[in-house]
Amino acid sequence: MLDCALIIFDCDGVLVDTEPTTNALLAACATEAGLPMSVQDSINTFKGRDLNEIVSELEARLARPLPGFLDTFRARMFEAFETSPPPPVAGAMELLDHLDASPTAPRRCVASNGPVKKMLASLTGARMLHRFACDITPGHLDGHAIFSAYDVGVWKPEPDLFLHAARTMGADPDACIVIEDSASGVVAARRAGMRVIALAGLTHAPALQDAGATRVISSLDELRAPPR
Ligand SMILES: [Mg+2]
């Protein structure tokens with residue numbers, strides 16, 4: 001199944017287990033703004049989506065602007081990442097080890113709806129950033145194969161980020177496999193003409209299947225098993 005030229009990893013929920021932290025903060029900020037919300041509500045409604053769009057939706061629901069909401073949320077998120085760094089997703093480190101041990105392993109990169117600063121913080125905290133060191137260094141890649149939707153100005157579920165990552169890494173879309181944990185990411189990958197393996201968890205398997213996942217797994221460990 002990992003027979004491809006390039007594996008494009010989503011970051012949050014695929015490499016680093018950030019979703020519990022960020023959704024708890026998002027729910028708290030929304031509740032403080034006057035929209036009571038549980039962590040599960042936040043996960044169900046917002047996971048994998050563009051943060052700017054989320055704030056617009058909250059503003060529409062409250063029928064008033066939320067100046068400072070994004071800044072407050074981001075400040076709390078970076079503080080949380082610093083004080084208690086979210087761990088790697090179960091099986092992610094082992095999968096990277098497995099790929100490194102294979103002489104025919106595909107190239108790999110990370111592509112996230114989050115800003116580069118967030119990816120750098122979470123991947124560094126999980127001790128994974130060096131696993132994406134890369135000799136392709138146009139612009140701000142800064143020696144790492146990490147791509148942010150903020151660089152292209154278009155967010156998943158649009159396909160532009162994945163197409164940008166594939167182009168920069170020198171792979172055709174049909175030679176890419178995306179690993180995602182959100183329905184919006186699955187849709188983005190399919191729109192980009194890529195295969196997509198969806199990791200079920202906070203988003204349940206049927207939703208990922210409905211979004212168009214090529215394959216749904218319940219653990220990254222399944223990707224280390226020999227092909228059936
Ligand atoms: Mg994700």
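## Burial and overall form

A residue counts as buried if 20 or more other C-beta atoms lie within 10 Å of its own, and as exposed if 12 or fewer do. The model described here is predicted. By that burial cut-off, 42% of the 228 residues of the chain are buried.

The chain holds 10 helices and six strands. Its radius of gyration is 17 Å, close to the 17 Å that the globule rule gives for 228 residues, so the chain is as compact as a globular protein of that length. The C-alpha trace spans about 55 × 35 × 30 Å along its principal axes. Take the contacts between residues at least 6 apart in sequence: 65% of them join residues at least 24 apart.

Contacts between the domains involve 18 residues of domain 1 and 11 residues of domain 2. On the side of domain 1 that touches domain 2, helix H6 (116-125) and helix H9 (183-191) are the elements that give two or more residues. That side of domain 1 is made up of six nonpolar, nine polar and three charged residues.

## The parallel sheet

Strands of a sheet pair through backbone hydrogen bonds, either parallel or antiparallel. Three of the pairings here can be followed in detail. Strand S1 (residues 6-9) runs parallel to S2, with four bridges between them. Ile7 has Arg108 in S2 as its bridge partner. Next, three bridges join strand S2 (residues 107-112) to S3, again in parallel. There, Ala111 is partnered by Phe147 in S3. Strand S4 (residues 176-180) pairs with S5 over four bridges, also in the parallel sense. Val178 stands opposite Val196 of S5.

## Covered strands

Strand S5 (residues 195-199) is mostly covered, with five of its five residues buried. In a regular strand the side chains alternate between the two faces of the sheet. In S5, both faces are covered. Arg195, Ile197 and Leu199 are buried on one side. Val196 and Ala198 are buried on the other.

S2 has five of its six residues buried, so this strand is largely enclosed by the rest of the structure.

Most residues other than glycine have a negative phi, and most peptide bonds are trans.

Lys156 and Pro157 are joined by a cis peptide bond, with omega about 20°. Pro157 is in the loop between helix H7 (149-152) and helix H8 (160-169).

Ala63 has a positive phi, near 55°, although the residue is not glycine. This residue is in the loop between helix H3 (51-62) and helix H4 (69-83). Is Ala63 buried or exposed? Ala63 is exposed, because 6 other C-beta atoms lie within 10 Å, and the cut-off for exposed is 12 or fewer.

Arg127 also has a positive phi, near 55°. Arg127 is found in the loop between H6 and strand S3 (146-148). How many other C-beta atoms lie within 10 Å of Arg127? The count is 12, so Arg127 is exposed.

Definitions and conventions. Residues numbered from 1 in each chain as written. Predicted model: local features only at pLDDT ≥ 70, side-chain atom pairs only at ≥ 80, totals over all residues. Contact = placed C-beta atoms within 7 Å. Nonpolar A, V, L, I, M, F, W, Y, C, P; charged D, E, K, R; others polar. Rg over C-alpha atoms; globule rule 2.2 N^0.38 Å. Pairing = 2+ DSSP bridges.
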